[in-house]
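This report describes a single protein chain, moving from its overall make-up to selected local features. Please read it alongside the sequence and the coordinates.

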Amino acid sequence: MSQDITGYNPSISKKIKTEQIEQIIKAIIGGKYSWACVLVLQFSGYNPTDYIPYRTYIRLLKNNRLLGNSEQNQPPMAKVDRFDIKSKWLRF
């Protein structure tokens, strides 16, 4: 039996570094499961807005970055431009 996973490209996936895994684990221990999911997506090289609604993503960014909780859970800002994200959810 073979399974066709549309859009899956094994060459896209990146290895998550130890520090990033620690950030994900801290988010899970802190009960921030949605934020942990965002971190996993970002650290894996995926755009979180392809998988979650844009408004939810922005709310998670505000709650976890802008309120000072972010220094431990934040990927490098050079790689994440939170205001220049194009979502595939809204297509006209």
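## Basis and confidence

This is a predicted model, in which local features need a pLDDT of at least 70 and side-chain atom pairs count only at pLDDT 80 or more, while totals for chains, interfaces and linings use all residues. Residues are numbered from 1 along each chain as its sequence is written, and side-chain values use heavy atoms, with hydrogens and water left out.

The pLDDT, which is the predictor's confidence in each residue on a scale from 0 to 100, averages 75 over the protein chain, and 57% of the residues score at least 70. Confidence is highest in α2, at a mean of 94, and lowest in helix α4 (residues 70-73), at 48.

## Overall architecture

The protein chain holds four helices and zero strands, where helices (H or I, at least four residues) and strands (E, at least two) are DSSP runs numbered from the N terminus. The order of elements from the N terminus is accordingly written α-α-α-α.

Of the 92 residues, 29% count as buried, that is, under 20% relative accessible area, with exposed meaning over 50% and partly exposed in between (1.4 Å probe, protein chains only). The accessible surface comes to about 7,000 Å², of which carbon and sulfur atoms hold 56%; these areas come from the Shrake-Rupley method with a 1.4 Å probe, and for residues only the protein chains shown count as cover. Among contacts (heavy atoms within 4.5 Å) with a separation of 6 or more, 57% join residues 24 or more positions apart.

Ile 25 lies in helix α1 (residues 18-29) and is partly exposed, at 44% relative accessibility. Together with Ile 21 and Ile 29, Ile 25 forms a nonpolar surface patch with about 300 Å² of accessible area. An α-helix has 3.6 residues a turn, so residues three or four places apart point the same way.

In helix α2 (residues 33-43), the buried residues are Trp 35, Ala 36, Val 38, Leu 39, Leu 41, Gln 42 and Phe 43. Just after α2, Gly 45 adopts a positive phi of about 95°.

## The aromatic pair

Rings of Phe, Tyr and Trp (its six-membered ring) pair if their centres lie within 6.5 Å, with planes under 30 degrees apart counted as stacked, over 60 as edge-to-face and the rest as tilted. By this rule there is one aromatic pair. The ring centres of Tyr 46 and Tyr 51 are 6.1 Å apart and their planes stand at 90°, so the pair is edge-to-face. Tyr 46 is partly exposed, with a relative accessible area of 24%, and Tyr 51 is partly exposed at 46%.

Definitions and conventions:
Patches are made of residues with over 30% relative accessible area and no salt bridge: like charges are joined within 9 Å, nonpolar side chains (Val, Leu, Ile, Met, Phe, Trp, Tyr) within 5 Å. A salt bridge is a side-chain nitrogen of Lys or Arg within 4 Å of a carboxyl oxygen of Asp or Glu.
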